Amino acid sequence: MKQSTQFQLSFMMFLEFFIWGGWFVTLGSFLGNNLNATGAETGMAFSTQSWGAIIAPFIIGLIADRFLNAEKILGFLHLIGAVLMYQMSQSTEFTNFYPYVLSYMVAYMPTLALVNSVSFNQMKDPAKDFPVIRVFGTIGWIIAGLIISFVFKWDSESNIASGMLSNTFTMVAIASAVLGIFSFTLPKTPPKTVKGEKVSLSETLGLDALKLLKDKNFLVFFISSVLICIPLAFYYQNISLFLTEYKVEDSTAWAALGQMSEVGFMLLLPFFFKRFGFKKTILFGMLAWGIRYALFAYGNAGDLFFMLAIGIALHGICYDFFFVSGQIYTDTKAGEKVKSAAQGLITLATYGVGMLVGFWVAGQIADKNVLEDGTHSWSDLWTFPALFAVGVLLFFAILFKNEKVEYKV
């Protein structure tokens, strides 16, 4: 790969995840403080990610794979996203905000697949080249959090009270416009489908991979993947509001600690996977969910703040050991013909259905734990996902029969 192309792809990936991390992490605090949203309304706002994930296969399969170059669709979607982000920054009521955030996530979620398509199309050895490109996405997410906390201090207690978190949407609108324009300069990535070739709707939406569910082990893994997204939703939806209600300064930067650990544990995953196998790796990831929420439930912003920091840092184990291992497992179970469809099915089930249910549940639990002063009983709120994660762990441990899974680096 040419150095200039590598720079283009790295910059693209940096902006792609800078955009997501620049507003999604602080969304819970913004909704609660700027818009006075209830837990149920907060759940609705976060669940737009799931609706976007559900609709994304239609946009990718029916448009990107058939008619237009991936980089052009990427550009159009981010330019649309810039306009919607600006509108979100101007919203003062949840009823006005929700249509914009829903429209935005329907536009944004397909871009996650598009940046991968543009990248893979330029690589001769994806296993070697892609991680080097993809890590810039995680760096982008981290940098967004550091800018919010340390450069502009929008997440300080006084600035949150004065409504400064709305500026995060303005920042992201600018970044989205830059990526939208920059996308048209990216290497050409033409449609995958040959003109005139007939492709069934089931192939387009990845439904051919449903036959994998006939395998009992894969079915148990599939159900576990959907269920574990419920405690995952609690983290995404509540981490910012949790830290700000505990009056933790630089809360967005602290939240970025999760992405930093994600990079580190990604490097440890091959060793752990080969040493202990797929089942134990998955179980360890699930156990980390339970431990992290227990730490959140009993820690505080004072002498026990280290418990909150450790809980955030466990995100690397929670995410990498379960979801990345799951992607590897899915790849080994699917035949060559349905590999992409199988990954799409898992993504639809987790970020689509699983997270949709999870955000709804998290909203309901949050509303049941509101105190008289408007804050939350966090020890009670975090106990639910901790126990739920342990329940999923037991389900998987009992029903999944151990099998050897090759991890090809």
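Which residues are linked in a network of salt bridges? I started my notebook with that one, and the answer is Asp215, Lys333 and Glu403.

**Ground rules.** I'm looking at a predicted model, so I kept the limits in mind: local features need pLDDT of at least 70, side-chain atom pairs count only at pLDDT 80 or more, and totals for chains, interfaces and linings use all residues. Residues are numbered from 1 along each chain as its sequence is written, and side-chain values use heavy atoms, with hydrogens and water left out.

**Entry: the salt bridges.** I wanted the count, and there are three salt bridges in the structure. The term stands for a side-chain nitrogen of Lys or Arg within 4 Å of a carboxyl oxygen of Asp or Glu. Helices come up all through these notes: helices (H or I, at least four residues) and strands (E, at least two) are DSSP runs, numbered from the N terminus.

I took the network apart pair by pair. Asp215 and Lys333 join their side chains at 2.8 Å, N to O.

Next I checked how much of each residue is accessible. My cut-offs were these: buried is under 20% relative accessible area, exposed is over 50%, and partly exposed is in between (1.4 Å probe, protein chains only). Asp215 is partly exposed at 29%. Lys333 is partly exposed at 24%, and Glu403 is partly exposed at 24% as well.

The other bridge I looked up is Lys247 with Glu157, at 3.2 Å, N to O. Lys247 sits in the loop between helix H11 (216-245) and helix H12 (251-255) and Glu157 in helix H8 (residues 157-161), so the pair ties together parts that are 90 residues apart in sequence. Glu157 is partly exposed at 41%, while Lys247 is exposed at 55%.

**Entry: positive phi.** Lys247 turned up again here, with phi near 60°, a positive value in a residue other than glycine. Lys153 is not a glycine either, and has a positive phi of about 55°. I found Lys153 in the loop between helix H7 (126-151) and H8, partly exposed at 41%.

**Entry: helix pairs.** Two packed helices are described by the angle between their axes and the distance between the axes. Axes are lines fitted to C-alpha atoms, for helices over the stretch in contact, and angles run from 0 to 180 degrees between N-to-C directions. For the naming, under 35 degrees is roughly parallel, over 145 roughly antiparallel, 65 to 115 roughly perpendicular, and the rest oblique.

How do helix H13 (residues 257-298) and H15 cross? Their axes come within 5 Å and cross at roughly 55°. That makes H13 oblique to H15. The crossing is right-handed; left-handed means the near helix is turned anticlockwise from the far one by less than a right angle, right-handed means clockwise. I sorted the contact residues into 20 nonpolar, nine polar and three charged. For that sorting, Ala, Val, Leu, Ile, Met, Phe, Trp, Tyr, Cys and Pro count as nonpolar, Asp, Glu, Lys and Arg as charged, and the others, Gly among them, as polar.

Then I turned to H11 and H17, which pack at about 165° with axes 10 Å apart. The two are therefore roughly antiparallel, and H11 passes H17 in a left-handed crossing. Their contact has 22 nonpolar, three polar and two charged residues.

**Entry: buried spots.** In helix H2 (residues 27-34), I listed Leu27, Gly28, Ser29, Phe30 and Leu31 as buried. Among the partners of the buried H2 residues are helix H1 (3-24), helix H5 (70-90) and H11. Ser47 is in the loop between helix H3 (39-46) and helix H4 (48-64), buried at 7%. Leaving aside neighbours within four places in sequence, Ser47 is in contact (heavy atoms within 4.5 Å) with Leu356 and Phe359.

**Last entry: Lys280.** This residue is in helix H13 and exposed at 53%. Lys280 and Asn402 are 122 residues apart in sequence and 8.9 Å apart in space, C-alpha to C-alpha.
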